[in-house]
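Please look over the sequence and the model shown here. A short report on selected features follows.

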Amino acid sequence: MGLPATYLDPKIFPPNAEFLDNSPYIRCFIENPNHIGLHTYHSSLPAFNGTQKIELDLLRICAEEIFQGKSNSYDGYVASGGTECNIQALWIFREYFINKFNSKINEIAVLFSEDSHYSLYKACNILRLNFQQIRVDFNNRDLDLEHLEKIIKILKRKGVKYFIIVLNLGSTMFGSIDPINKISKVINFYNLNCKIHVDAAFGGFIFPFTCLNNKFNFKNPLIDSISLDGHKMLEAPYGAGIFLIRKGLIDNILTKEASYIEGLDHTLCGSRSGANAIATWMILNIYGSKGLIKRMEGFIKKTDEICDTLNELDIYYFRNENMNIISIQNGQISEDICKKYTLVPDTHIGKSQWWKIVVMEHVNRNLINQFINDLKKVDII
Ligand SMILES: Cc1ncc(COP(=O)(O)O)c(C=O)c1O
């Protein structure tokens with residue numbers, strides 16, 4: 001009786017419709033559990049205990065099975081998406097430096113590649129954090145390590161003592177992966193006091209399945225937190241961001257004033273639907289790890305096929321071999337083809353330099369064949 005919500009309005013969303021019997025996700029929508037708060041904590045709202053347990057199992061699969069963390073060594077929650085996860089990470093690390101080292105805001109800097117997602121600019125703006133973009137090589141999208149070192153030296157000279165470094169596990173436009181080992185050497189060389197967040201919103205549900213031995217996991221002591229997005233590679237409904245962070249760090253942003261919520265609140269968003277957690281949990285459980293490896297390998301195979309044709313036609317593109325994004329340099333294929341196949345340009349403001357293809361389920365054999373035929377007809381413009 002004390003809660004403001006129980007289930008959806010039954011006049012508009014009838015709870016007894018026949019199709020609901022075999023639709024646990026839609027049924028959950030109608031039941032409308034609110035997953036407010038953080039369930040990896042010792043207590044949270046008891047009213048939605050049942051579906052919260054499913055969220056906990058989803059976090060276990062992501063943190064322990066996919067990202068190789070130990071049980072009870074992480075906190076996390078299902079967020080609105082990659083944007084919220086990135087803001088949440090930067091917020092936690094800003095407060096960590098303030099709480100632990102009495103840092104001033106201008107003694108903290110956020111570093112990320114110029115290929116990073118725009119949500120980081122949003123995050124730095126909201127949190128009033130200084131940031132620096134690190135250049136990448138135009139052709140191979142590799143982070144320019146010399147530029148990284150130069151920026152670190154300049155910032156240190158200006159009095160920056162604390163760094164938040166955001167690494168791409170699949171950049172949005174290119175699917176490029178930041179060189180974690182090389183960056184780790186730079187961090188050690190300059191003895192940086194830093195926290196590392198991995199933005200795996202794009203690549204987090206493909207790269208671990210297509211490159212089984214990689215350093216982007218919680219076994220790597222360098223990594224403090226990870227953003228994931230079920231509503232990208234897993235084709236989950238929107239609202240399936242997953243935020244993971246090493247245990248305890250999230251306490252830096254505990255909102256103690258959330259006193260009417262049992263367990264208080266450690267999240268940015270407040271109320272959130274439990275249905276998204278259930279949908280993502282269903283996908284992971286139904287496929288299983290073998291099923292997901294197969295599915296993601298299928299995406300890679302189709303990506304390879306398109307790349308073979310591009311190679312044959314001498315069309316310049318960028319692609320990471322473990323990812324399903326192909327970015328074709330502007331001018332290499334006709335704009336009519338780009339538009340016909342709804343390729344996405346790197347910018348809608350001014351002249352674009354790249355057009356990207358994201359190979360997933362919807363990029364089916366028919367579509368690929370048509371695209372290849374069109375490319376071969378027009379060839380290089
Ligand atoms: C690498 C990366 N980070 C963050 C985001 C933001 O995700 P969302 O739109 O779910 O907030 C995206 C979205 O494309 C992304 O590709």
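## Report

Not counting residues up to four places away in sequence, Leu343 touches Cys338, Trp355, Lys356 and Ile357, where contact means that the C-beta atoms, placed from the backbone, lie within 7 Å. This is a predicted model, in which local features need pLDDT of at least 70 and side-chain atom pairs count only at pLDDT 80 or more, while totals for chains, interfaces and linings use all residues. Residues are numbered from 1 along each chain as its sequence is written.

Leu343 sits in the loop between α9 (335–340) and β10 (344–345). Helices (H or I, at least four residues) and strands (E, at least two) are DSSP runs, numbered from the N terminus. Leu343 and Ile226 are 117 residues apart along the chain, and their C-alpha atoms are separated by 28 Å.

A residue is buried if 20 or more other C-beta atoms lie within 10 Å of its own, exposed if 12 or fewer, and partly exposed in between, with C-beta atoms placed from the backbone.

| Residue | C-beta atoms within 10 Å | Class |
|---|---|---|
| Leu343 | 20 C-beta neighbours | buried |
| Leu264 | 17 other C-beta atoms | partly exposed |
| Asp314 | 9 other C-beta atoms | exposed |

Leu264 belongs to the loop between β7 and α8, and its phi is near 60°, a positive value in a residue other than glycine. Asp314 is found in the loop between α8 and β8 (317–318). The phi of Asp314 is near 60°, again positive in a residue other than glycine.

### Sheet

An open sheet of seven strands has the order β1-β7-β6-β5-β4-β2-β3, with mixed pairing; two strands pair if DSSP finds at least two bridges between them. β1 (74–79) and β3 (130–134) are at the edges with a single partner strand each, so one side of each has no neighbour in the sheet. From one strand to the next the twist averages 20°. Strands β4 (residues 162–168) and β5 (residues 193–200) run parallel and are joined by seven bridges. Leu167 has Val198 in β5 as its bridge partner.

### Helices

Axes are lines fitted to C-alpha atoms, for helices over the stretch in contact, and angles run from 0 to 180 degrees between N-to-C directions. Helix α3 lies across β1, β2 (108–113), β4, β5, β6 (225–229) and β7 (241–246), and runs at about 25° to β7. Helix α5 (residues 145–157) lies across β2 and β3, at about 155° to β3.

The axes of helix α8 (residues 274–312) and helix α10 (residues 365–378) come within 10 Å and cross at roughly 10°. α8 is therefore roughly parallel to α10, a term for angles under 35 degrees. In this contact, Lys302, Glu305, Ile306 and Thr309 of α8 meet Ile368, Ile372 and Leu375 of α10. By class, the contact of α8 with α10 has four nonpolar, one polar and two charged residues. Ala, Val, Leu, Ile, Met, Phe, Trp, Tyr, Cys and Pro count as nonpolar, Asp, Glu, Lys and Arg as charged, and the others, Gly among them, as polar.

### Ligand shell

The residues around the ligand are Gly81, Gly82, Thr83, Asn86, His117, Ser119, Thr172, Asp199, Ala201, Phe202, Asp229 and Gly241, with the C-beta atom, placed from the backbone, within 6 Å of the molecule. Helix α3 (residues 82–101) supplies the largest share of this shell, three residues. By class, the shell has two nonpolar, eight polar and two charged residues.

Technical notes: Parallel < 35°, antiparallel > 145°, perpendicular 65-115°, else oblique. Contact = placed C-beta atoms within 7 Å.
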